[in-house]
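Please read it alongside the sequence and the structure shown below.

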Amino acid sequence: MGYGGLSAMLGAFVTNPFGGALLSLESAQGGASGAMLYFWTLFPALLASAVATMVFVGLTGSFMGTLFSFPDYVPGVKDLIVAIPFSLVGGVAGVLFMVMFKWLRRVMQPMKSHVVWRGLIGGLGMGIIGMLLPLTLFSGEEQTVEMIEQAAEIGVVMLIVLALAKLFSTSLLLATGWKGGYIFPIMFAGVALGMAGHLLFPTTPVAVTVAATLAGALVASLKAPLFAALFTMALVQAETAPVVAVAVLISALLVALLGMREARRAQAQAQAEAKNVGIS
């Protein structure tokens, strides 16, 4: 039911029944296997996404359109190279979000039973951030469009501040018990960093910088490369598909390398503790 609801929402948002189904399939890899994975995860998600997509298209009349409008872009081979550093920036942002979320969740663990106080801390934090940076309020969909239109006036530094503030406020709210997801906040942060990258390097097409940072951030935070690619393609023009592919690959490699490093460190720590126990 959870995967079906999530898939329906995402299917309607991107008017494509495969986005939510892919996310459900990738997210459920650790909880099911073989035919059960398809029966209980993929098939319900596909059905829910298909129905939601048709209902949304019937109500709005729009289908498979990109959410954001950027200048026309003609793909070039050099853009695949240019996309690498922007992919890493997005990947680092996604990793940073997960690190902040896990750290804040540990900090709030002693207050697990104090629901009201935890909610008060999260709401107060979001209220202060939202008062200072109004674009960080709400899910981020409409605010992202406004940010794109005003990027030149906002400036590079403030775009980076907005991205970091959005990541922190989202992780704070989740860690203090507020309900919601982080796909759209990650989208906001990824686009903000992409717009900042374009302002720093104006010769690089904005579609390239945004697609690379956005895809990189989604992969690093969701651990769902196929969904990240499809979701990014629903936001920027189809011509960025090769750039998105590179960004997904680079960010996935970054996450894998960091995961291997963390696993080796945890193994070394466990071995050291076992050795100390043996000596004592």
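Rings of Phe, Tyr and Trp, the last taken by its six-membered ring, are said to pair if their centres lie within 6.5 Å. F97, F101 and Y182 form one aromatic cluster. The model is predicted, and the values below are computed from it.

**Aromatic pairs**

- The count of aromatic pairs comes to five.
- F86 and F201 form an edge-to-face pair, because their planes stand at 85 degrees and the cut-off for that class is over 60 degrees; the ring centres are 6.2 Å apart.
- Helix α4 (residues 77-108) holds F86, while F201 lies in the loop between α9 (183-200) and α10, so this pair ties together parts that are 115 residues apart in sequence.
- The relative accessible area of F86 is 8%, so F86 is buried.
- F201 has a relative accessibility of 47% and therefore counts as partly exposed.
- The aromatic pair of F184 and F231 is tilted, with 6.3 Å from centre to centre and 50 degrees between the planes.
- F184 belongs to helix α9 and F231 to helix α11 (residues 225-235), so the pair ties together parts that are 47 residues apart in sequence.
- Both partners are buried: F184 has a relative accessible area of 14%, and F231 has one of 2%.

**A charge over a ring**

- The ring of F188 has the charged end of K166 sitting over it, at 5.4 Å from the ring centre.

**The largest nonpolar core**

- This core contains 64 residues, of which F70, M147, M187, V191, M195, F227 and F231 touch the most other members.
- Helix α10 (residues 206-222) supplies the largest share of the core, namely twelve residues.
- Apart from neighbours within four places in sequence, M187 is in contact with F68, G140, E141, T144, L214, F231 and L235.

- D79 lies in helix α4 and is buried, with a relative accessible area of 3%.
- The side chains of D79 and Y73 make a polar contact at 2.7 Å.
- Apart from neighbours within four places in sequence, D79 is in contact with Y73, V74, P205, V208 and V243.
- A83 also lies in helix α4 and is buried, with a relative accessible area of 0%.
- Although A83 and V246 are 163 residues apart along the chain, their C-alpha atoms are separated by 7.1 Å.
- With neighbours within four places in sequence left aside, A83 is in contact with A212, V243 and V246.
- V243 is listed among the contacts of D79 and among those of A83.

**The loop between α9 and α10**

- T204 is found in the loop between α9 and α10, where F201 is also placed.
- T204 is buried, at a relative accessible area of 10%, whereas F201 is partly exposed.
- Apart from neighbours within four places in sequence, T204 is in contact with V82, F86, H198 and T209.

Conventions: Residues numbered from 1 in each chain as written. Predicted model: local features only at pLDDT ≥ 70, side-chain atom pairs only at ≥ 80, totals over all residues. Heavy atoms only, no water. Core = buried A, V, L, I, M, F, W, Y, C linked by side-chain atoms within 4.5 Å. Buried < 20%, exposed > 50% of the residue type's maximum accessible area, 1.4 Å probe, protein only. Helix = DSSP H or I, 4+ residues; strand = E, 2+ residues; numbered from the N terminus. Contact = heavy atoms within 4.5 Å. Phe/Tyr/Trp six-rings, centres within 6.5 Å; stacked < 30°, edge-to-face > 60°. Lys NZ or Arg CZ within 6 Å of the ring centre and 35° of its normal. Polar contact = N/O pair within 3.5 Å; in protein donor to acceptor, adjacent residues only side chain to side chain.
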